[in-house]
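This briefing sets out selected structural features, grouped by topic. Please consult the sequence and the structure alongside the text.

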Amino acid sequence: MKYSHCLENSEQRKYSATKDFLDITSKKQWEILVYKDYEAVMPVPYIRKYGIKIVHNPKLCQQLGVFSAKDDIELNEVFLHYLETHYLIRAYPFNDVNQLRTKMRMKKNFLIYPETYEQVYSRYSPKRKRKLRLDDEVVKNSEIRLLAYDEAENFIKTNMIGLSKESDLPDFMEIFKTSYQLNYLKFLAFFYHHKIINIIATYSDCEMVALLGTFNDKDYVKLSGASVLIDHTLKETIETHIFDFEGGDLPNIEEFFRGFRPELRPYGIIENSIKNLFKKLGILILKGKFF
């Protein structure tokens, strides 16, 4: 309760640091670094390899870091120092509000902040506006509809791309299924001639709507169904919720997102190779700080 209260009242508030989201994505393998009586917190997800605890960012969890009433660079550095001296870190992201003196790799993310839909639409790129003007034939033979998980499952499995390992697919689907069952996740589909050609998965919490997945039938890319679905979601939610595009490092994805004219909000991430992890493990054991 204290953790959730701190998060909800923090300047850095993120849905990805909530208890429910971390329980789902990390399979309840996470702990918390706490400053004083929950004046600031840092969630720390981990995995275990050969009995060794390794800090690793869960699938679909983009930003974590330090959460406090007012972002404080000195306090952030204290948390970072403790994390690095007491843990083995494979990958750990901070959030776009956390200020840090320590240099680390920056990753791109894009947000649209709440205002009227008309103002948001007016900033779309000319190319995006053109793609949203559907032909009469498409308008006549298409519809947008929310789907249950069972209705969306097969299309997502067939059209999910970019997975480094085939074994990752069941993990992603389990996250989607559990998030849907807890009423955080929605599946919005674009139908053309009664056939699903696009689906977007959006996670809603902490007054944010996050785009957790875009799935497209490659045979119908020219119809721009994904753009239509994102625009529809913005029309429904942007007056009251931040829209989080959840990424933008890949050039083609960044170009697609930028068409909606979002704000670039980069965040830092700590990353270590397997080789460096073994070196760090030896250092921590020698210092007696490994646990």
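Contact here means heavy atoms within 4.5 Å, and axes are lines fitted to C-alpha atoms, for helices over the stretch in contact, with angles running from 0 to 180 degrees between N-to-C directions. Helices (H or I, at least four residues) and strands (E, at least two) are DSSP runs, numbered from the N terminus. This is a predicted model, in which local features need pLDDT of at least 70 and side-chain atom pairs count only at pLDDT 80 or more, while totals for chains, interfaces and linings use all residues. Residues are numbered from 1 along each chain as its sequence is written, and side-chain values use heavy atoms, with hydrogens and water left out.

- Seven strands form an open sheet of mixed pairing in the order E8-E9-E10-E11-E12-E7-E13; two strands pair if DSSP finds at least two bridges between them.
- The edges are held by E8 (142–147) and E13 (263–264), each of which has a single partner strand, so one side of each lacks a neighbour in the sheet.
- E8 and E9 (residues 185–192) run antiparallel and are joined by six bridges, with Leu 147 opposite Phe 187 in E9.
- Helix H8 (residues 168–181) lies across E8, E9, E10 (195–205) and E11 (208–216), at about 105° to E9.
- Helix H9 (residues 225–237) lies across E7 (110–112), E8, E9, E10, E11 and E12 (242–244), at about 35° to E10.

**Strand E14**

- Four of the five residues of E14 (residues 267–271) are buried, so the strand is largely enclosed by the rest of the structure; buried means under 20% relative accessible area, exposed over 50%, and partly exposed in between (1.4 Å probe, protein chains only).
- E14 pairs in the antiparallel sense with E5 (residues 88–93) over three bridges, where Pro 93 stands opposite Ile 269.
- E14 also pairs in the antiparallel sense with E6 (residues 105–107) over three bridges, and Tyr 267 is the bridge partner of Lys 107.

**Aromatic pairs**

- The whole structure holds 19 aromatic pairs, where rings of Phe, Tyr and Trp (its six-membered ring) pair if their centres lie within 6.5 Å, and planes under 30 degrees apart count as stacked, over 60 as edge-to-face and the rest as tilted.
- The ring centres of Tyr 124 and Phe 260 lie 5.3 Å apart with planes at 85°, so this pair is edge-to-face.
- This pair links distant parts of the chain, 136 residues apart: Tyr 124 is in the loop between H4 (117–122) and H5 (126–132), and Phe 260 in the loop between H10 (251–258) and E13.
- Both Tyr 124 and Phe 260 are buried.
- Ring pairs join Tyr 117, Tyr 121, Tyr 124, Phe 243, Phe 245, Phe 256, Phe 257 and Phe 260 into a cluster.
- Arg 128 lies over the face of Phe 260, 4.8 Å from the ring centre; a charge sits over a ring if NZ of Lys or CZ of Arg is within 6 Å of the ring centre and within 35 degrees of the ring normal.

**Salt bridges**

- The whole structure holds 18 salt bridges, each a side-chain nitrogen of Lys or Arg within 4 Å of a carboxyl oxygen of Asp or Glu.
- Arg 101 and Glu 74 form a salt bridge, with the closest N and O atoms 2.8 Å apart.
- Arg 101 lies in the loop between E5 and E6 and Glu 74 in H3 (residues 73–86), so the pair ties together parts 27 residues apart in sequence.
- Lys 127 and Glu 255 meet in a salt bridge (3.6 Å, N to O), linking H5 to H10 across 128 residues.
- A network of salt bridges links Lys 14, Asp 96, Glu 263 and Arg 265.
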